[in-house]
Amino acid sequence: MKGIILAGGAGTRLYPITLAVSKQLIPVGDKPMIYYPLSVLMLADVREILLIATPEDLPQFRRLLGDGSRLGLQIEYAEQAHPGGLAEAFIIGADHIGTEPVVLVLGDNIFHGHRFSDVLAEHAGHVDGCVLFGYAVHDPHRYGVGEADAEGRLISIEEKPASPRSNRAITGLYFYDNDVVNIAKNITPSPRGELEISDVNRVYMERGKASLVDLGRGFAWLDTGTPESLQEAAQYVSTLEHRQGIRIACVEEIALRMGFIDADACHALGKAIGKSEYGKYVMSIAREFRG
């Protein structure tokens with residue numbers, strides 16, 4: 001399965017911060033925001049990843065992540081010069097996707113919950129249609145909202161509805177079979193001139209091949225697109241890490257536990273940034289893993 005991180009956009013809701021730096025490179029806790037969606041793909045056992053960003057921001061992502069080999073990954077990069085909608089990611093990434101299924105994750109979304117890797121593994125690799133992930137919110141009128149039947153099949157999609165039929169917001173994590181490339185190429189741009197992900201999902205729904213997985217209570221989904229939500233995310237991450245002594249979205253630890261790298265390689269990554277608490281944590285995980 002191939003992976004795509006969409007990290008484009010100007011981050012206008014975070015101005016003036018994002019006048020100087022990509023939104024997805026802003027720190028959330030002790031790591032850049034992009035680590036969180038990257039960790040989702042890694043937990044789904046996806047190792048071939050395309051990162052899509054603006055031409056101005058791509059050099060910074062390359063400097064941070066390189067080709068991914070230090071984490072046992074293969075990371076490539078592509079430009080989205082102008083906002084063309086989420087579904088444009090499948091057109092930009094068509095060569096990367098090839099004949100494989102694909103998982104798309106938005107660069108400003110944070111997911112965290114118990115046994116999340118099991119949820120991802122259940123749906124990765126054998127997608128027939130599309131799998132979306134719903135999250136209960138108290139203000140569904142602000143989101144794209146999905147409604148599912150008793151078997152979990154998607155039966156309606158509404159964009160920012162005045163009277164929502166469900167309180168399940170559709171999150172920024174999407175699993176698709178390979179048909180998504182042709183579907184994205186054939187949908188009509190919306191009045192704002194963008195290829196909307198909801199239109200892609202609607203095609204799958206009409207085929208009876210769209211499902212909505214409820215992430216459930218006790219799970220956290222955070223969209224960091226505003227100053228308030230960014231602060232909430234940082235507080236959430238910092239609180240859990242401080243109380244539990246762990247690091248959320250520590251990509252070096254995930255690479256080690258997923259078998260992408262060995263303990264020596266993990267320790268070397270930590271040692272390279274060993275003056276930071278993050279680096280010391282990575283080294284401690286490597287030592288613990290060695291036994």
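This is a predicted model: local features need pLDDT of at least 70, side-chain atom pairs count only at pLDDT 80 or more; totals for chains, interfaces and linings use all residues.

**Entry 1, the helix pair.** Two packed helices are described by the angle between their axes and the distance between the axes. I looked up both values for helix 10 (residues 263-272) and helix 11 (residues 277-290): their axes come within 7 Å and cross at roughly 160 degrees. Angles over 145 degrees count as roughly antiparallel, and therefore helix 10 and helix 11 get that label.

Next I asked which residues make the contact between helix 10 and helix 11. From helix 10 I listed Ala263, Asp264, Cys266, His267, Gly270 and Lys271. Helix 11 answers with Gly279, Val282, Met283, Ala286, Arg287, Phe289 and Arg290. Sorted by class, I get 6 nonpolar, 3 polar and 4 charged residues in this contact.

**Entry 2, strand 11 and its partners.** Is strand 11 (residues 168-176) mostly covered or mostly open? I found it mostly covered, with 8 of its 9 residues buried. I then followed its pairing. Strand 6 (residues 102-106) pairs with strand 11 in the antiparallel sense over 4 bridges, and there Val105 stands opposite Leu173 of strand 11. Strand 8 (residues 130-136) also runs antiparallel to strand 11, joined to it by 6 bridges. In that pairing I marked Leu132, whose bridge partner in strand 11 is Tyr174.

How many of the 9 residues of helix 1 (residues 35-43) are buried? I read off 8, so to speak, and noted helix 1 as mostly covered. The buried residues are Tyr35, Tyr36, Pro37, Leu38, Ser39, Val40, Leu41 and Met42.

Just after helix 1, I stopped at Asp45. Most residues other than glycine have a negative phi. Asp45 is not a glycine, yet its phi is positive, about 65 degrees. I placed Asp45 in the loop between helix 1 and strand 4 (48-53).

Ala249 is not a glycine either, and it has a positive phi of about 60 degrees. Where does Ala249 sit? I found it in the loop between helix 8 (227-244) and helix 9 (251-257). Buried or exposed, I wondered about Ala249? Its relative accessibility is 9%, and so Ala249 counts as buried, the cut-off being under 20%.

Most peptide bonds are trans. I noted a cis one joining Tyr15 and Pro16, with omega about 10 degrees. Pro16 lies in the loop between strand 1 and strand 2.

Lys23 is placed in the loop between strand 1 (2-6) and strand 2 (27-28). What does Lys23 touch, leaving aside neighbours within four places in sequence? I wrote down Leu14, Thr18, Met33, Asp108, Thr224 and Gly225.

Definitions and conventions
Residues are numbered from 1 along each chain as its sequence is written. Side-chain values use heavy atoms; hydrogens and water are left out. Buried means under 20% relative accessible area, exposed over 50%, partly exposed in between (1.4 Å probe, protein chains only). Axes are lines fitted to C-alpha atoms, for helices over the stretch in contact, and angles run from 0 to 180 degrees between N-to-C directions. Angles under 35 degrees count as roughly parallel, over 145 as roughly antiparallel, 65 to 115 as roughly perpendicular and the rest as oblique. Contact means heavy atoms within 4.5 Å. Ala, Val, Leu, Ile, Met, Phe, Trp, Tyr, Cys and Pro count as nonpolar, Asp, Glu, Lys and Arg as charged, and the others, Gly among them, as polar. Two strands pair if DSSP finds at least two bridges between them.
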